[in-house]
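Biologist: I'm new to this one. Can you put it up and walk me through it?

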Amino acid sequence: IGDAEARRGLEVMERSAEALAGLVTAARDIEALAADSLNPSQASTGLSDFLTAYCSSYATIVEAQQVRLATDIEDGLYIRANEEMLETILENLLDNSLSFAPNGSTIHVALHTDADHAVLRVRDEGPGVATDNVDRIFDRYFSLRAKSDDEAPPAAHFGLGLWIVRRNVEAMGGSISAANVPGSGLEVTIAFPLLFRRESAIRHAAGR
């Protein structure tokens, strides 16, 4: 076997090992998620403030990949939530949007009230999803990321991120859906039961 073929074989083996490690980690995460979602501890949580703070810290990650993060967050919205599960929801939603966002595009994050719900929307300007697959993106192990026959998928892309998002949302009494945006992009919508809204709440917008 030549040096080039040997190096290629080693690279494939390394990618396979990374994939296996990712699967082991994912399996552990699933076990922890299943246990937490049976009876998650929940408390009154200021979703507006939580989301604002999270987006502020995440903006540096977005900017490093030449993508803009724009927010439109209604102030004063409170829900009953588990903060760790809520953070996982936001992390996986934004990571998913960023992975499909073209350079120079914008990820839009919005929060507003709709009747008795706090509605969170995360939209990217990527290629969107084939109509037949829109309802499947929240299924476990479903992934739209293509790979060649001799490549292992990145450890972060085993089709678990949005499935975990759905599990967490439903564990907190919410609902989740996705839809293609006319033109380009995918928007994920989450509706949480609204606990209360501060009377002094105002609407503010920000962009980076």
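Modeller: Helices here are DSSP runs of H or I with at least four residues, strands are E runs of at least two, and both are numbered from the N terminus. R166 lies in helix 4. The model is predicted: local features need pLDDT of at least 70, side-chain atom pairs count only at pLDDT 80 or more, and totals for chains, interfaces and linings use all residues. Residues are numbered from 1 along each chain as its sequence is written, and side-chain values use heavy atoms, without hydrogens and water.

Biologist: Is R166 buried, exposed or partly exposed?

Modeller: R166 counts as partly exposed because its relative accessibility is 24%. Buried means under 20% relative accessible area, exposed over 50%, and partly exposed in between (1.4 Å probe, protein chains only).

Biologist: What is R166 in contact with?

Modeller: F138, D139 and I176, leaving aside neighbours within four places in sequence. Contact means heavy atoms within 4.5 Å. R166 and I176 are 10 residues apart in sequence, yet 6.5 Å apart C-alpha to C-alpha.

Biologist: Which residues of helix 4 are buried?

Modeller: L162, W163, I164, V165, N168 and V169, in a helix that covers residues 161-171.

Biologist: And just after helix 4, what does G173 do?

Modeller: G173 takes a positive phi of about 80°.

Biologist: New topic. Where is D124?

Modeller: D124 is in the loop between strand 5 (117-123) and helix 4.

Biologist: What does D124 touch?

Modeller: S97, T106, S184, G185 and L186, not counting residues up to four places away in sequence. A polar atom of the D124 side chain also lies 2.9 Å from the backbone nitrogen of G126.

Key. Polar contact = N/O pair within 3.5 Å; in protein donor to acceptor, adjacent residues only side chain to side chain.
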